[in-house]
Amino acid sequence: MEKLADYGIKPLAGAKKPSGGKWNVMEKLFLGLTLDQYIGQVVRNKFNWLLAAIMAVGIPFIIYRFLFGLGAVTHASNDYPWGLFLGFGLFCMVPLSASGFMLGTACEIFGRHDFEPIERLALLNGLLGYFFAVIYLLVDLGQPWRLAYPMVYAWGPAAVLFLVGWHVAVYLSVQVAEVSTSFFEWIGWPRGKEFIRKGTIGLTVSGIILSTLHQGALGALFTYAPGKVHPLWYSAEFQWILFFTSSIFGGLCMVIAVSTIVIKTMAWRCDDRFKETLDDLTIKLAKGASMALITYLVIKIIAVAHDNEWVYLATGWGAWYLFEILSGVIAPMILLAYGIHHRLVWLVRIGAFMAVVFGIVLNRLNTALIAFNWKLYQEVPHVAEAIIAVTIFVIYIATYRFILNRLPILYAWKAQPDAVPAAVAVSASPEREQGTPARA
Amino acid sequence: MSKVSRRKFLAGSLAGGVAAMLAPVKKVLASGDFRGFPDGMGVLVDLTRCVGCRSCEAACNKEQGLPAPDLPFDDDSVFDETFHHGTQKRRTTEKAYTVVNRYEPKDSDQPVYRKVQCNHCNEPACLTSCFVKAYTKTNEGAVIYDEHVCVGCRTCMVACPHNIPAYAYSKVIDPVVKKCIFCYDTRVSKGRPPACVEICPAEALTFGKRKDLLRLARARIKSSPEKYQQEIYGEHTVGGSAWMYIAGVPFEELGFDTTLPNEPIINNVKGFLGMVPMVLAIWPALFTGFHLLATKNKDHDHHDDSHTGEGEK
């Protein structure tokens, strides 16, 4: 895409062609390029080749899993019922997707409209994270075709997983509605957008309720296993609040991480507003994440103190636990604090990446797999299980890019092309930013 | 219709309402802490008597129509099998709902054999964790499950403190959780002992009402205190279970998890479950209120592009 930009070709960013006619859906899908140009830029991008190679290896494994059962691609362990699909796919993807409700709350509930340039990225990050968590779940369930049973056929309302199932399903719909405004702009159906905008407050508040409960519920799932999860990662009283507070910095840091990748690799797609505000917004998001990190750390310490587990810190498990806390909570806190104070965006970004990888992913893997069954033995996932987990993540990345390339997430949708005088554009659509400087 | 009928209707509803209000009061006063059905059945396993003949495994296999094992049931070499670098002995699987393992405790010159199967807890973790309510605790004490609703999430396997439920990983079309059902369909519901108990030649297994078995266990411990440990495993562990064990050596030397709480597993989860209705009730007003407070006297217009760079004080 950068190469095409050198030749003065700009990607599609509005409803109408510079000549005045409307783009049709096919042209929108091809980013307003000709077929040759589109295929050319897809083939030139080496990252596409990497994604395609991983999918070419991994998708046959996914098909194999559905033809020959879970036992064919996992160790079929009765002691470790949950492997990478849930340990990584569900328990890591969901907290990293808390961004949707965090930014929705900031913008819509607290009226912090300065976050709007990044709000849609956060909402999309939330939607895709949840959607792919459900994909992981479908691969992991023994009978995925019965996924709707707890909704319609067999209710077990006293179970934590019942709450998770219902909330993830409802919250997915809420997020589809929240993200659909960009889709309606793109497809050219303003009435759909207006309809959703009217319900924004309701959608956002239900997003907060659902998120509070199911982020916590994922933690509460482990309170069923007091004899299995290592005491340092187990807390009957605080497990749900630990998962909830960590999802707050997880979601915020994930937005910082994703926006960093986006600005480094897809700058052509970001409009000036996004580029100009991103550094500022990164600092602001980092402030929120810092508060969540310190809250999480304090509750972590309280949890150890409450169950009097200090003695475990002197063991090998304790060293592993301290490594997780140091690399995933304390180090990011220091980096974020220093970065915020001195306005060093790159330092903030390193801190955010660390919080994502060590604060969330390592913590969830520890709880679900590594420190699980600590009295029994360590399970190393089957190689096919790892390949499938990576492949689904690659499909997630590909879907993410596909949508970012097209929908007005990183750029503001223009109802009229730049060449048209601003006054006309405003009268045609009040949604539009006024006086966008025409780019050369 | 006439006024009389309306009055009758109102009076009827009032009476019905009062009755409905009074009825659960008794129930609430009586419940709060569930320790099993009063006439629930159980099995007492006396580990000092078990000779490791594995005939209970064979009987279970036949009764439940399970596939033939890799090694015949009279092959003692299975006792030497270990898994995961020698750390684990055999456990229940989709093909074996009960297994007997051999232990060599340091205090005993004889090996001790321990039968493993579902303990049929009074307040089962599997049941309380199941989001499709597949599990049922019957009046007879058995924990059974409806495999036609099992989604295959395997939460019950995570929740079970005894690591009992197994999963039919080998199946493609209809994989479900598999575990001992106390021979409920064929025997216990008809008042007959389960197959393993009936066949036991050493009388290591005794079938009866749980409360009677507790008395029996205490009587045995009292009559030969030098022979038995004082504890009855399963009397209180995770809320108590229908199957209980007495042994001559400490339970932790026989692979029992003696660190489990005496409270049912679900008690660990109640803190979270109790918070759920509060969040559902309080959050809507709280956050709508925040919204009103935060945006009072401010622009209520939520158009995406109209506020760039504002809001920061």
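## Around Leu127(B)

Setting aside neighbours within four places in sequence, Leu127(B) makes contact with Tyr135(B), Lys137(B) and Val143(B). Bear in mind as you look around that this is a predicted model. Leu127(B) belongs to helix H3 of chain B, which covers residues 125–129.

Is Leu127(B) buried or exposed? It counts as buried because 23 other C-beta atoms lie within 10 Å, and the cut-off for that class is 20 or more.

## A sheet in chain B

Chain B also holds an open sheet of 3 strands, ordered E8-E1-E9, with mixed pairing. Strands E8 (205–209) and E9 (243–246) of chain B are the edges, each pairing on one side only. From one strand to the next, the twist averages 25°.

Strand E1 of chain B (residues 41–46) pairs with E8(B) in the antiparallel sense, over 5 bridges. Within this part of the sheet, Val45(B) sits opposite Leu205(B) of E8(B). Helix H6 of chain B (residues 210–223) lies across E1, E8 and E9 of chain B, and runs at about 135° to E8(B).

## Where the chains meet

Now for the interface: 64 residues of chain A are in contact with 63 residues of chain B. On the chain A side, the elements giving two or more residues are helices H4 (46–68), H7 (99–109), H9 (149–152), H10 (160–187) and H12 (200–220). H12(A) supplies the largest share, 10 residues.

By type, the chain A side that touches chain B has 38 nonpolar, 14 polar and 12 charged residues.

Technical notes. Residues numbered from 1 in each chain as written. Chains lettered and ligands numbered in written order. Predicted model: local features only at pLDDT ≥ 70, side-chain atom pairs only at ≥ 80, totals over all residues. Contact = placed C-beta atoms within 7 Å. Helix = DSSP H or I, 4+ residues; strand = E, 2+ residues; numbered from the N terminus. Nonpolar A, V, L, I, M, F, W, Y, C, P; charged D, E, K, R; others polar. Buried ≥ 20, exposed ≤ 12 C-beta atoms within 10 Å, placed from the backbone. Pairing = 2+ DSSP bridges. Axes fitted to C-alpha atoms, helices over the stretch in contact; angles between N-to-C directions.
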